[in-house]
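The entries follow in the order in which I looked things up.

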Amino acid sequence: MSTLTTKMNRSLHFVHRFDWRQNIIYVGFVVVFILFAVLLGDNGFTSTNNLLNIARQTATISIMAVAMTFVIATAEIDLSIGSVAGLSSVVSALAMSSYGLVPGILAGLLVGLVVGAVNGGLVAWLKVPSFLVTLGMLGLIVGVARWITASAPVPIADATFIQIFGGGNVGPIPSLLIWAVVVVAIGAVVMNKTKFGRQVRATGGNTQAAMFTGVNTARIKFYVLLLSGLVAAIAGMLYAGRLQSGRFQWGTGDELSVIAAVILGGTSLFGGRGAIIGSLFGALFIGLVNNGLILAGLEVSQQQVVRGAIIIVAVALSSKKASS
C-alpha cells in the first residue's frame, strides 16, 4: 500500500511541476497530429511518404530556426534570413556555372558571412535596432538577387552539388534530413552545453548583468547575427540543390515561419531562453499544419490566414511566459 501511495505522490508531483505553457509545442504537436490522423487518414496523411514529405519540406525551416533561436535568445531579430537564402542560392548557382563546384559553394557561404557581418556590426557596435537593420537588409538583398539574375532562375546541373545539398539520398535517407539532424544536434549542444550558449542566454536575459560578469555582449550579438547569415546561406544552397536552380524567390517569407517556429518552440521573444529542440518541433508543427490544410482542400490564402494566426498565438504565449 505504501509503495502505491509513493508512486501516486510522484505522479502528482510530476503533474504539478509540468509547465504546460513551457511545453505547449509538444502538447500541441501531439494533439494536432492525432486530430489530422483521424480526420485525414483516408487522404493519406499518415502514410510514410506523406510524413517523410512533411519532414523534407520543413527541414530547411528547421535549419534556419536553429540560427534564429540564438538570435532571439539574445533579444534580437533577423528579418533578412529568408532573403539571404535566396541571394545565396543565385550567387552559388552563378559562380558554379562559371568557376565550378568549390568556388560555387564558397561564393554562397561568403554571401551569408558578408550579410551576417554587416548586420552584426550595425547592431552590436553602432547600436542600430536589429529590427530596422535586418528589415532594410531584406529589401536590399531581394533587390540585388533580382538584379543580378534579371529575375530569372539560374539552373544547376552539377550532380555533386545536387547530391550534397538536399537533392540526393544517403541510402534510403534524404540528404536534406541529414543536414537538418546534424544542424539541430550541433545547435542543441552549443546552446545547452557550452560557454557560448550560456553567454547567449545571459546577454538576452539581462545585458547589463551579463556585462558586469565579464560577457562581451556586443561580440555575442555580432556572432549570433553572423551565424544567422551563414546558416541562411546554407539553407539557400539546400533550396538550390533540392530544386536544381538558384532563384531570388527561394526563402521568400521564410522569416515568418522561422520566427513562429522558434517562439512556438519555447524561446522567449524577449531573450534569455533558447530551446533548439523546441524550435525543431515548432517547425515540424507548422509543416504539419500546412500539410493538413492542403490535404483538407484549403486554398493558399486560407493557409496564410492560419499561419498568421499561429504567429499571433506564439507571440501571446511568449508574453505570458515573460510576465510569469
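Which element gives the most to the lining of the second largest pocket? I found that α8 does, with six residues.

I note that this is a predicted model, in which local features need pLDDT of at least 70 and side-chain atom pairs count only at pLDDT 80 or more, while totals for chains, interfaces and linings use all residues. Residues are numbered from 1 along each chain as its sequence is written, and side-chain values use heavy atoms, with hydrogens and water left out.

Entry 1, the pocket. I looked up the volume of the second largest pocket, which is about 230 Å³ (the space filled by probe spheres set on grid points that are joined across faces, edges and corners). A pocket here is an open set of points on a 1 Å grid over the protein atoms alone, where a 1.4 Å probe fits, with protein on both sides within 12 Å along at least five of seven lines, and lining residues have an atom within 4 Å of a point. I found 15 lining residues, of which Val66, Val183, Ile186, Leu227 and Val231 lie nearest the centre. The elements giving two or more residues are α3 (48-73), α8 (175-193) and α11 (217-243), helices being DSSP runs of H or I with at least four residues, numbered from the N terminus.

I then turned to α8 and helix α13 (residues 276-295), which pack at an angle of about 145° with their axes 8 Å apart; axes are lines fitted to C-alpha atoms, for helices over the stretch in contact, and angles run from 0 to 180 degrees between N-to-C directions. Val184, Gly187, Ala188 and Met191 of α8 make the contact with Ile276, Ile277 and Leu280 of α13 (contact means heavy atoms within 4.5 Å). That contact has six nonpolar, one polar and no charged residues.

Technical notes:
Nonpolar A, V, L, I, M, F, W, Y, C, P; charged D, E, K, R; others polar.
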